[in-house]
Amino acid sequence: MTYSQKISLFLLRISLGGLFFYAGITKVFNPAWSAVGYLKGAKTFTGFYNFVASPEVLPITDFVNQWGLTLLGVSLILGIGVRLSSVLGAVLMMLYYFPILDFPYPNPHSYIVDEHIVYAIALLVLNGFRAGRVWGLANWCSRLPICARFPVLGRVLN
């Protein structure tokens, strides 16, 4: 991998990490925040989104939203667990995409592809290039004794 490719991956990883961290931590520190309004306005898969917005499930949905985004950001910024967090983040982005999709217009400014799709693809690119190993903590983590003892953990964290 060339130096410019490493810089590009690093900048993509750090910038997405900052974006997701900020999106998550602002939800964590806002006690009034809830995903219910977003979910109740779902245009596709309404049964599923009404279920995750139901009063019994909503606290779990809100927790996963808040801390999923925050930890995804931390993972990307530190460069540890990027392979796992990027896949989970891509799934989360798709879950954000479908409620707003009024096919083929997810929003007034796009046609089929919106920012959630771009974020999901960017996360999968980070996964494919093992971006946590580019100036991140993944290399350090892979040398820890626990990763040697549990190779699956080493693969997940790298």
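Predicted model: local features only at pLDDT ≥ 70, side-chain atom pairs only at ≥ 80, totals over all residues.
Residues are numbered from 1 along each chain as its sequence is written, and side-chain values use heavy atoms, with hydrogens and water left out.

The protein contains nine helices and zero strands, where helices (H or I, at least four residues) and strands (E, at least two) are DSSP runs numbered from the N terminus. Its pattern along the sequence is accordingly written α-α-α-α-α-α-α-α-α. Along the principal axes, the C-alpha atoms fill a box of roughly 45 × 35 × 25 Å. Of the 158 residues, 38% count as buried; buried means under 20% relative accessible area, exposed over 50%, and partly exposed in between, with a 1.4 Å probe and protein chains only. Among contacts with a separation of 6 or more, 68% join residues 24 or more positions apart.

Two packed helices are described by the angle between their axes and the distance between the axes. Axes are lines fitted to C-alpha atoms, for helices over the stretch in contact, and angles run from 0 to 180 degrees between N-to-C directions. Angles under 35 degrees count as roughly parallel, over 145 as roughly antiparallel, 65 to 115 as roughly perpendicular and the rest as oblique. The axes of α1 and α4 come within 7 Å and cross at roughly 150 degrees, so the two helices are roughly antiparallel. The crossing of α1 past α4 is left-handed, a term used if the near helix is turned anticlockwise from the far one by less than a right angle (right-handed if clockwise). Residues making this contact include L16, F20 and F21 of α1 and W67, L69 and L76 of α4. By class, the contact has 14 nonpolar, six polar and two charged residues. Ala, Val, Leu, Ile, Met, Phe, Trp, Tyr, Cys and Pro count as nonpolar, Asp, Glu, Lys and Arg as charged, and the others, Gly among them, as polar.

Helix α4 (residues 58-78) also packs against helix α5 (residues 82-100), at an angle of about 140 degrees and with the axes 10 Å apart; the pair is therefore oblique. Here too, α4 passes α5 in a left-handed crossing. S75 lies in α4 and counts as buried because its relative accessibility is 8%.

The largest nonpolar core has 17 residues, and those with the most contacts inside it are L16, F20, L69, L76, M93, L123 and L126. Such a core is a set of buried Ala, Val, Leu, Ile, Met, Phe, Trp, Tyr and Cys residues joined through side-chain atoms within 4.5 Å. Two or more residues are given to this core by each of α1 (3-28), α4, α5 and α6 (115-128), and the largest share, five residues, comes from α5. Not counting residues up to four places away in sequence, M93 touches F20, L69, H116, Y119, A120 and L123. A second, separate core of seven residues includes L39, Y49, V52 and L58. T61, placed in α4, touches L39 and V52, again not counting residues up to four places away. With a relative accessibility of 12%, T61 counts as buried.

Methods. Contact = heavy atoms within 4.5 Å.
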